[in-house]
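Open the model in your viewer and keep the sequence panel beside it. We will go from one selection to the next.

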Amino acid sequence: MTRTRGRTVAGLVLAAVLVLVAGFAVGRVSSGAPPPAPSTDSAAAGFLRDMQAHHAQAVDMALLVRDRTDDEVIRTIAYDMAVTQAAQSGQMYGLLDAWGLPQRSAQPAMAWTALPSTDGSGGHHMDASTPGGMPGLATPEQLAQLRAATGDDAVRIFLELMIPHHEGGLEMADAVLVRTDVPQVVSLATGIQRAQRTEVRLMQDLLANLQPAD
Amino acid sequence: MATPPNRPAPPTVKQQRADKRAQQLEAFKKREAARKRNRILGIVGAVLALVLVAGTVTTVVVVNLTPPAAQEVDEALVSGEYRDRVQTYPGLDSTHVSSRVTYEQEPPVGGAHNAAWLNCGVYDQKQQNENAVHSLEHGAVWITYDPATTTDDEIAALIALAPTTYSIVSPYPGIGEAMAISAWGAQLRFTDVADPVVEEFLGEYWRSPDSPEPNAPCSGAVEGPGRVS
């Protein structure tokens, strides 16, 4: 008699626990809970860190040329680049912060490109033999040339540096898009691709139309 | 016969001339003596003045050029666990001022500062504290070393460990053997450039969201003297 009652109680408790677990699972899925944050060693986090440094140099170059030319077309493009890329940098900083990830990684730049892609194919570390270890970055000497130039000379140096800088940025965006499906990073990288592809074409046209240097 | 009164005979013309010459000679000697005395006084005065000026200039130059005596290394600050070694300074002032500021920490870790920040980068000359402190407010770290006690290899190692953005590397005369890495409100001293605590500090403080103005710029303002990269 006592044994039977004990079994009944145990069965009821077990059933109650199962119902609770099932209810929690259904509730969690249907409430659209955010996917887990990427890890600090993920391609997403690596991209967010490196692209901030890459963007920071673009912002510097855009502001330098804006101070050195009266050409309204160049000044507008430079303004657009500086403000857009500074805003994107803020997004990247904010995503890392919101995920509780440090801005700093002891890994060298672009180390995340050695991670495999999401379709399972192997990664290969992009070899960037520029200072800062990222594709398209200008050297300190090139920045000094831009700083020392004025007028059309400054515009020419700017375009010659910013076209490869954008192309490097596109490579980095391509590299993260095959290695992550974190929605915020996919959206950011896609936006960077769209904007920078257009700007590369525009800058190539402007460079071609610039009067040849004396 | 009356004796003629004992009166000197009136001087002859010749005598008068001789007397006059003697007087002139006397006067000339007096003038010469005075001139000589004045010349000696002048020389002595000039030498004294020169010594005074040279002494003042030397003192000023020496006082300004000689770095403050290097600080003794506090062993507790440069050995042991990271958490025990990081010095933190909460509640720092962040007022903008145009005057020089005397900071309580050396190198400074925060406080009132100039409206213009120091552009991040590597410098081989001492930088203005008031500008560098503003960069710390924007989330930068500042790596400093005493040029009198740091080797070229050590300086190269410091440059290599500094992040490429949001960091300043510059000499700071007088801090002695213990190099320093500073962020807003925090500082770590170390004597070995390979000390792993430096990376721990970077992980916690470089571009920290807890800095007063995280992600504000560290370029486009003051280009300090001796920028290397």
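Start by selecting B:Ser182 and B:Gln187. B:Ser182 stands opposite B:Gln187, which belongs to strand 6 of chain B. Keep in mind that you are looking at a predicted model.

Now widen the selection to both strands. Take strand 5 (residues 179–183) and strand 6 (residues 186–190) of chain B: they run antiparallel, and five bridges join them. Next, find the turn. Two residues lie between strand 5 and strand 6 of chain B, and the pair forms a hairpin. Click on B:Gly185 in that turn, where phi is positive, at about 80 degrees.

**Strand 6 of chain B**

Stay on strand 6 of chain B and show its side chains. Which residues point one way, and which the other way? B:Ala186, B:Leu188 and B:Phe190 point one way, while B:Gln187 and B:Arg189 point the other way. This is what a regular strand does: side chains alternate between the two faces of the sheet. How many of the five residues of strand 6 of chain B are buried? Five of the five are, and the strand is mostly covered.

Strand 6 of chain B has another partner. Select strand 1 of chain B, which is joined to strand 6 of chain B by two bridges and runs antiparallel to it. Look for B:Thr88: opposite it stands B:Ala186 of strand 6 of chain B.

**The whole sheet**

Select the strands of chain B together. They form an open sheet of six strands with mixed pairing, in the order 1-6-5-3-4-2. Which strands are at the edges? Strand 1 (87–88) and strand 2 (121–122) of chain B are the edge strands, and each pairs on one side only.

To see one facing pair, select B:Trp142 and B:Ile168: they stand opposite each other.

**A stop at B:Arg207**

Is B:Arg207 buried or exposed? It has 26 C-beta neighbours inside 10 Å, so it counts as buried. Show what it touches. Leaving aside neighbours within four places in sequence, B:Arg207 is in contact with A:Gln103, B:Gly139, B:Tyr166 and B:Pro214. Then draw a distance from B:Arg207 to B:Ala162. The two are 45 residues apart in sequence, and their C-alpha atoms are 13 Å apart in space.

**Zoom out on chain B**

Show chain B as a cartoon. It has six helices and six strands. Along the sequence the pattern reads α-α-α-β-β-α-β-α-β-β-β-α. The radius of gyration of chain B is 36 Å, well over the 17 Å that the globule rule gives for 229 residues, so the chain is more spread out than a compact globule. Its C-alpha atoms fill a box of roughly 135 × 35 × 30 Å along the principal axes.

Colour chain B by domain. Domain 1 covers 13–66 and domain 2 covers 75–205. Taken over C-alpha atoms, the centres of these domains of chain B are 59 Å apart. Of the 229 residues in chain B, 30% are buried.

**Across to chain A**

Bring chain A into view. At the contact between the chains, 13 residues of chain B are in contact with 13 residues of chain A. The chain B side has four nonpolar, seven polar and two charged residues.

Now look at chain A alone. It has six helices and zero strands. Buried residues make up 34% of its 214 residues.

End at helix 2 (residues 43–66) of chain A. At 1.5 Å a residue, its 24 residues should span 34 Å, and its end C-alpha atoms are 34 Å apart, which agrees. Of those 24 residues, 21 are buried, so helix 2 of chain A is largely enclosed by the rest of the structure.

Definitions and conventions
Residues numbered from 1 in each chain as written. Chains lettered and ligands numbered in written order. Predicted model: local features only at pLDDT ≥ 70, side-chain atom pairs only at ≥ 80, totals over all residues. Contact = placed C-beta atoms within 7 Å. Nonpolar A, V, L, I, M, F, W, Y, C, P; charged D, E, K, R; others polar. Domains from an automatic or database assignment. Helix = DSSP H or I, 4+ residues; strand = E, 2+ residues; numbered from the N terminus. Expected span 1.5 Å × (residues − 1). Buried ≥ 20, exposed ≤ 12 C-beta atoms within 10 Å, placed from the backbone. Rg over C-alpha atoms; globule rule 2.2 N^0.38 Å. Pairing = 2+ DSSP bridges.
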